[in-house]
Amino acid sequence: MKMTTTNNISVIGLGMMGATLARLLLQQGYRVTVWNRSVEKAASLVKEGAILAPDAAAAVAASPVIVICVHDYKAATEIFDTAVVKNVLRGKVLIQLTSGSPQEAQESEVWAHQQGAAYLDGAIQAAPSQMGRPDTPIFVSGAEDAYRQSEAVFQVFGGRVSYFGEQAGAASAIDLASLSAIYGTMMGFLHGARIVEAAGFRVDTYGSLVAGITSTFGDFLQHEANVIQSGNFEISESPLKISVDAMERILQQAKDAGIHSGFPAYAAGIFRQAADAGLGNEELAALIKVLRA
Ligand code: NAP
């Protein structure tokens, strides 16, 4: 399998993100070949210097490194899994920046290897307008030699590139884990907004109070992560039983105020299981023992 450090890159998929990736590469002096199902989305990039390939196979054939960023893996498969594309994939490095699951990444890698291509799977944790900044986070996993040779390309997309090793699904798994933290926090935040509304207070004031504690909360999450990693759940910051009681109060308040109780009912249930399992006098992070069961 041949892998190349190159100035020639093809970008397939010119939606909001794909077009941004192509533009960033052009701005850094790369020779960029593009293809998109709807050809009109290539027009402005062509004006900026991109070369428009007549079809996906021509785009793949044009460069040793292929970046694909389309809606989902199903769309990527529709583009790539044709005899003409498969014919030209041998020896290429395929960089998959479409969002997907770890399973999809692993299957994609197997498929790419069957075609004789090296495979890297990436997850972008930023909006198109935030791409290319020194603090833009990009997660990558897959064959290390392919990564080392394509690292410069990822650096064009974002200055905070994290490589998580050879397992193709790792970038996607860590992306989903971070999203889980965001959505979990968002659910708690929105439930809090309902508490505030029901009590007749301003949600924007509540928002700034929560914004004010995010930095210390971040430190607290890091501490709990360290506890889990160490396996030592002796109380070091916050006894789990405090949170068992707090969640019960949040649930009771939802019932008293007649607001939606889905989130506190779920969370209080998990905390109750932890208390029933005798974890009350361990560090808060011991809740993970319930989730592992
Ligand atoms: P988008 O603007 O909706 O563009 C979707 C792209 O997928 C277009 O190029 C579209 O082609 C193509 N596509 C969809 N179905 C197709 C099919 N069956 N065959 C061929 N092409 C198909 O989406 P986007 O924002 O660029 O997002 C692309 C990927 O980046 C997604 O996986 C998304 O999760 C990820 N991402 C996006 C953001 C963001 O903020 N935008 C952030 C992080 C990650 P047409 O133009 O022909 O429809």
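The model is predicted; local features require a pLDDT of at least 70, side-chain atom pairs count only at pLDDT 80 or more, and totals for chains, interfaces and linings use all residues. Residues are numbered from 1 along each chain as its sequence is written, and side-chain values use heavy atoms, with hydrogens and water left out.

The secondary structure of the chain comprises 12 helices and 8 strands. These elements are DSSP runs numbered from the N terminus, with helices (H or I) of at least four residues and strands (E) of at least two. The C-alpha trace spans about 65 × 40 × 30 Å along its principal axes. Of the 293 residues in the chain, 43% are buried. Here buried means under 20% relative accessible area, exposed means over 50%, and partly exposed lies in between, as computed with a 1.4 Å probe and protein chains only.

The ligand is surrounded by 22 residues, of which Met17, Asn36, Ser38, Lys41 and Ser99 are the closest. Helix H1 (16-27) and helix H4 (73-80) each contribute at least two residues to the shell.

A backbone N or O atom of Met16 lies 2.9 Å from a ligand oxygen, and a backbone N or O atom of His71 lies 3.0 Å from a ligand oxygen. In the side chain of Ser99, an N or O atom is 2.7 Å from an oxygen atom of the ligand. Taken alone, the ligand exposes 890 Å², and the protein buries 76% of that area. Accessible areas come from the Shrake-Rupley method with a 1.4 Å probe; for residues, only the protein chains shown count as cover.

The ligand sits in the second largest pocket. A pocket is an open set of points on a 1 Å grid over the protein atoms alone, where a 1.4 Å probe fits, with protein on both sides within 12 Å along at least five of seven lines. A molecule sits in a pocket if more than half of its atoms lie within 2 Å of its grid points.

Ile9, in strand S1 (residues 8-12), is classed as buried because its relative accessibility is 0%. The C-alpha atoms of Ile9 and Leu25 are 16 residues apart along the chain and separated by 8.1 Å. Ser108, in helix H6 (residues 102-114), has a relative accessible area of 16% and is therefore buried. The side chains of Ser108 and Tyr119 are joined by a polar contact of 3.3 Å. A polar contact is a pair of N or O atoms within 3.5 Å; within protein, one must be able to donate a hydrogen and the other to accept it, and residues adjacent in sequence count only if both atoms are side-chain atoms.

Other residues are partly exposed. Asp81, in the loop between H4 and helix H5 (83-89), is partly exposed because its relative accessible area is 37%. The loop between helix H7 (144-157) and strand S8 (160-163) contains Gly159, which is partly exposed at 33% relative accessibility. Ile195, in helix H8 (residues 170-198), is partly exposed at 25%. The C-alpha atoms of Ile195 and Ser172, 23 residues apart along the chain, are separated by 34 Å.

Key: Near = heavy atom within 4 Å. 1 Å grid on protein atoms, 1.4 Å probe; cavity = no way out; pocket = protein on both sides within 12 Å on 5 of 7 lines; lining within 4 Å.
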